[in-house]
Amino acid sequence: MTTRQFGASVKRNEDARLLAGRAQFVDDVKLPGILHAAFVRSPHAHARIVAIDVTAALARDGVVAVYTAEDLGDYWRPGPVIVPPPPVEGALFNERTQVPLAKGKARHVGEPVALVIATSRYIAEDAAADVTVEWDPLPVAGDLEPAAAPGAPRVHEDLPDNVAARVRQSKGDYAAAATRAHRTVKRRFAYDHGCAQPMETRGVVAQWDAGAERLTVWDTTQAPIAIRNGLAAMLGLSERQVRVVAPFIGGGFGPKIMLFYPDEVLIPWAALKLGRPVKWIEDRAEHFFATTHERGQIHDAEIVLDRDGRILGVKDVFLHDTGAYDPYGLTVPINSQCTLLGPYVIPNYDSTFTAVFTNKPIVTPYRGAGRQHGVFVIERLLDIAARELDIDRAEIRRRNLIPPDAFPYDNQIIYQDFTRLGYDSGDYAPMLAKALDMIGYERFLREEQPRLRAQGKRVGIGVVCYVEGTGIGPYEGAKVQVQTSGTVSLLTGIGTQGQGHFTSFAQIVADQVGVAVSDVEVITGDTDQFYWGAGTFASRGAVVAGNAVNEAALAVRKKILRVASEHFECAEADLVIEDGAVSIAGVPGRRIKLGELAVQANPMRGAVAPGTEPGLEATRYFGPESGATAAGVHAMIVEVDPETMIPSIQKYVVVHDCGTVINPMIVAGQVLGGVAQGIGNAFYEQLAFDAEGQLLNATLADYLLPTALDVPRIELGHTVTPSPLNPLGIKGVGEAGAIPVGPLFAQALEDALELPAKGRELNEIPLSPCRLWELAGSPG
Amino acid sequence: MNVELVRVATTVNGTRHEREVEPRLLLADFIRHELGLTGTHVGCEHGVCGACTILVDGVPMRACLMFAVQANGRALETVEGLAPERDRLHPLQEAFRDAHGLQCGFCTPGILMTMKAFLDENANPGEAEIREALSGNLCRCTGYQHIVDAVKLAAERAR
């Protein structure tokens, strides 16, 4: 019997190409006669465009074209709303989406104003500097709170104020619960801007083949099919005339789905207009403005508890900074609103958010997609409540966890996927217990911390819990085909940015079709290969596409058995599929290779029975009724140097439940990478804007991504509660590591510096050595 | 505008190349777009991320911080030169595959070149030394742990 591949740490199919430098990324696309693009971008956060003079740019040798908004004619139009607002009663949403090139005024630094096309990137950048724009600077709606205040400069002048959206959701009766409170904790929490910074910036290459009347676009997108559909509609082409390829993508983390970035609209248009291929590759400086941001929120939250520390209710009113436009609808703040409820029984909840336009780059989901903020608020409230009620931090969490017999658990409010927020399955208390055991919680508090403190060391511990809604719909599809060579191809519309789809999907197929994982050729992210799909986001790849792959592979397995039973003239039940061949159990020598069977399944002459489909091939789709809820607990022991306020993580553990695991090695990689981004978000990475909306740290020398010296070795523990919402029992894992690190840092650093004794708290993220120094007061 | 072109003669992965280039052409662009060796990636163009790291006369350098003309007369090694043949990886590459030391793979060529030079100098490194040597290369996917494991594995296997 061959070993089952599903559940094994199979080495990745894609690695050899990536390691040898052969994997094709968008900037590696080479086409004859290609032209290069550069953008002229606004230096102001908010300014009227008085005049644009492109004559000097056009006069430069090698410049082919310069376009401004006026040159786009009817092609100039605001982008679509990617995710329409969920059906929450009374929700207000003002749709103001980004435009291809600023017309009339610019609304954030870096908004594109003109597009230059030249024979080389160097010349295009020179010519972009030749373009002169006469600006009339306007007052800026910069910081979130002032932008939300009456009389603030308006980002969109046709609106009465900067309110982009307002949504209230509630369950139970918070006001009534508050009257029964033994203790009320009320605080303000702030979570400032950060960004994803994938190591590959964005880029687009477009080629119009006039002979074939077909457009091919290579795009660093996480959603090639949606880009294909939108481009075809905008350009007046049929979808069959447009091919969008998302080849190897150098990290995505959310911002690589925007539908549409201005460049995604303009580069294909320019290629069509000029009849020559055009390439634009974002540089890192542009990336800080031309690619979306996340995070900025301010919460005024309160929690009411009974004498034993059981939560009676939570009330939260928060502001969400959506930047200059709101193409992603309510996704980020809705996630914050929903994820605040966490793994806890919170019978009464009243949450209202106001999304606010500011003169800053656009905010869209970045790994975690708003969940960080909700988790930060509830975890901090519990820390403070525990202290005030004199209950241990881990114990107050344990007391409030949803019990295992309460699943499926209905949270009664509406989630980002338009369905009621429910948790499909889970068992949280054992995860908490396991994490506490792994970190040595009791022993640390009882023995080590007093001992180390006596030596003058500032050491603290933290433990936080979270849930993550994953694997939302609508659907994905997959096509599995046994090729005549005997290898198996798997096509799916979902693209990959490093998550290992070439391997985990191949593992599913390998088991069903009886071939080696390395004999499954996975093709993703090419709209000519697979027509349908939504995209890679919301930790949904393995859940949604994985189950579609499984269904398609099962259907192919059935076809293999049927064709082989005809070939051998035996019952299907007597057949065994393994090692790339079908044989009759117990009859040596009666064996046919899958490739030969594939040839037989595609007869070139003669007649077939009515209804016969050719080949050993099947296409299936999978759409879950709602998302699967993953969960986890992170714990950390940290030491802080009281002079430099630089933390040194002594021990970090993650216990995680993502349902059934396809490939433990890949899951571990996802969690470890997520934690690293969480550490960056918690302590190193902050987009520092001044009051004029200027970003002050737009280089990687100033916006600090964590290095190998900042991210510790992380110990992983797993528990498994399979999801009942899909046949494979999978829950998503992509975002989990990144979500709870902010409150973990706040809690552990507070403990290390004994801040509560000084009446000080850490109620904001990101922190930094300077900010920690300020918040901690004197180091003494 | 007529720019005077400058001759660059360099050896890349053992093959000699001669080109006439603009003096301002970055070495990273020369390698990728003039020579077509696109395994070297450009992540930041300001010398921080390390994705474009190549070996110049055996020493790791950032191809985005050098002009092509500065490579004149020098021997360069890029990721394409690591594997001895198409179907066989270099032991360091093999260790990265075995330890899951890469996810999206964009930063990987620069990390491989940095770690190759590091292991050439220090065949028996501890974890702290590996992390120190790795700290000039940014990776946004892995959290570094599996990269450290891969480098350790490669060192162990070489012993």
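**Close-up 1. Domain 1 and domain 3 of chain A, with C-alpha centres 39 Å apart.** This view, like the others here, comes from a predicted model. Where the two domains meet, domain 1 of chain A brings 17 residues to the contact and domain 3 of chain A brings 20 residues.

**Close-up 2. The side of domain 1 of chain A that touches domain 3 of chain A.** Look for helix 14 (501–513) and helix 15 (541–568) of chain A, the elements that each give two or more residues to this side. Helix 15 of chain A has the largest share, with six residues. Sorted by class, this side of domain 1 holds six nonpolar, 10 polar and one charged residues.

**Close-up 3. How chain A is divided into domains.**

**Close-up 4. Chain B in contact with chain A.** Here we turn to the meeting of the two chains. On chain B, 42 residues take part, and they are in contact with 42 residues of chain A. Four helices of chain B each supply at least two residues to the side that touches chain A: helix 2 (91–98), helix 3 (108–121), helix 4 (127–134) and helix 5 (145–158). By class, the side of chain B that touches chain A is made up of 20 nonpolar, 14 polar and eight charged residues.

Note on methods
Residues numbered from 1 in each chain as written. Chains lettered and ligands numbered in written order. Predicted model: local features only at pLDDT ≥ 70, side-chain atom pairs only at ≥ 80, totals over all residues. Contact = placed C-beta atoms within 7 Å. Nonpolar A, V, L, I, M, F, W, Y, C, P; charged D, E, K, R; others polar. Domains from an automatic or database assignment.
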